Amino acid sequence: MQATSHADTGEARQAAASLHRLSDSSLAVIPSSAVGTQGVEWAVARTPAGLRLLIVPAPGHEGVLEEFDGVRGERDGHGFLAGPLNARNAAALRGRLAWLVPRLLPPGTSAGFGDRLGLATPGHVGALRAVGGAIAPIFAQQSIREMTRTGRSPQAVIDDATWGTFEAGWTAGVGADADHLKAPADIDVCAAAGFSFFTIDPGAHVDEHADRATPAELQAAYDALPWAQLEDDAASLRARLAGKTLDIEGHRVHIDEGTLIKAAVKYGRAVAHVAAMFRHLCAAMKDRPFDLEVSVDETDTRTSHAEHVFVASELIRRGVRWVSLAPRFIGRFEKGVDYIGDTRAFEADVEVHAAIARRFGPYKISLHSGSDKFSIYEIAARHTRGLVHLKTAGTSYLEALRAVAQVSPDLFRAIYAFSRGRYDEDRASYHVSAALDRAPAPGTVTDEELGGLLDQFDVRQILHVTFGSVLTTRGSDGALLFADAIMSLLRSHPEVHAACLERHFIRHLSPFAHS
Ligand SMILES: [Zn+2]
């Protein structure tokens, strides 16, 4: 994937010229989307009824229109089709424009942009283009948890990103991340939808008690490990790893007997779960290639360097192949806010994790809950030497709310008041520490100050974790309380939305674009 755009190619200019002859106030071609290939011109157009896929075949190429839903028309001797941005048309478009099909990421720097509303991709593309460099993007990225909370299907996540990628004219390639998969059934539905990148989260199989257990408790837990499931036995594991000291680019990682026992108790079942999920994934994808990420970030205790070595070497022994790994780093990666902790301690931590990833891979270090961690980006980019994946999700929703605050202060104020009421319940499954009493009461903030709320620590987290309730709660009349209003506001002010996202993501991507 090269960070280039078809807007620079002669073929696209030619396409734009022809499409623009069609364009008028009732059918306004979005210039970034216009592209010509295989005797057909393609674009997204704004119409009074919303966005439409516009297809203009050259004479002799009209057969392509059979693959698409839509209304046919003719203007100035050009036959065309104007179709809805629906699932059938998204699939047919991917069949024609190969760069829209999710594919493997190249080995360098990459970034995942979660998009809970399905409208953020043009803003994400704008930021990628602005920073230059070769950051490979994932626009379709959502965990099953987030899909459930937003009422979206894996296919809808893929399709929304397809439309955004097409509209923005991003032809340099995309991946698609089925994030935080926990069970085999999650894999099946995401593989069928066309995801290319699968994040396995074995967090439920990490024994966090190991960090507080006594040596006797650890020994008992070690003896009780499901050795058959691990395809291992206690003596073999000891022989492989106990007493070893690894020199990894000058960093000494010593694995004494106690360290090994604790690592095996803490992560042994997690490794077995990842191996089982990997095999399931291989079967589900058949001969389609895929990227695999292993994430243990959503645990309370940090992943020590020796434990990282244990996980990596045991995954290799089990035949798992992966492209990135998200350890649980020192300090706190809370949702929507900067790194909490000593950045020098983070530096010392990530330096060795990155070295281990080079030794046992090379694979990327993945920064989960990676949004808004401005104080550590340069450190992470430098120590990983660009072999890094930055994963963000909810921060784009916050930028959508910033656009809402700019366009409709009353709507934003209502969402904020509602989110405050939901926070104590909705925060349960997230790493956040916001306190309601530190977040200003909605009635005390002027319209002009509303946007600034989105820069306040507690407000950010309160809004961040309540997205599911905001997007799916219905009023007594059965109508969605906020979701339709948010979506229609963003659809009618795409430039405001994209500008918020661009500004925010340029800050995220710049430290990685120049590493
Ligand atoms: Zn994560």
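Colleague: Let me start with two residues: are Asp297 and His368 buried or exposed?

Modeller: Both Asp297 and His368 are buried (under 20% relative accessible area; exposed is over 50%, partly exposed in between, with a 1.4 Å probe and protein chains only). Keep in mind that this is a predicted model, where local features need pLDDT of at least 70 and side-chain atom pairs count only at pLDDT 80 or more, while totals for chains, interfaces and linings use all residues. Residues are numbered from 1 along each chain as its sequence is written, and side-chain values use heavy atoms, leaving out hydrogens and water.

Colleague: Which residues coordinate the zinc ion?

Modeller: Donors are N, O and S atoms within 2.8 Å of the metal (3.2 Å for Na, K and Ca), and with water not among the atoms, sites may look incomplete. Here, His180 (NE2), Asp297 (OD) and His368 (ND1) coordinate the zinc ion at 2.0 to 2.7 Å. Along the chain, its donors are spaced as H-x116-D-x70-H.

Colleague: In what order do the barrel strands close?

Modeller: Strands of a sheet pair through backbone hydrogen bonds, either parallel or antiparallel. Two strands pair if DSSP finds at least two bridges between them. In this model, eight strands close into a barrel with parallel pairing, in the order E7-E8-E9-E10-E13-E14-E15-E16. On average, neighbouring strands of the sheet are turned by 25° against each other, direction ignored; the axes are lines fitted to C-alpha atoms (for helices, over the stretch in contact), and angles run from 0 to 180 degrees between N-to-C directions. To zoom in on one pair, E15 (residues 364–367) and E16 (residues 388–392) run parallel and are joined by three bridges. Ile365 has Val388 of E16 as its bridge partner.

Colleague: Which strands does helix H9 touch?

Modeller: Contact means heavy atoms within 4.5 Å. H9 (residues 257–285) packs on the sheet and touches E9 (175–181), E10 (197–200) and E13 (291–295), with its direction at about 155° to that of E10.

Colleague: And which residues touch the most other members of the largest nonpolar core?

Modeller: A nonpolar core is a set of buried Ala, Val, Leu, Ile, Met, Phe, Trp, Tyr and Cys residues joined through side-chain atoms within 4.5 Å. The largest one has 97 residues, and Phe195, Phe198, Phe310 and Phe346 touch the most other members. H9 supplies its largest share, 15 residues. Beyond neighbours within four places in sequence, Phe346 contacts residues including Phe329, Tyr339 and Leu367. Another core of 37 residues lies apart from it, with Leu117 and Ile462 among them.

Methods. Helices (H or I, at least four residues) and strands (E, at least two) are DSSP runs, numbered from the N terminus.
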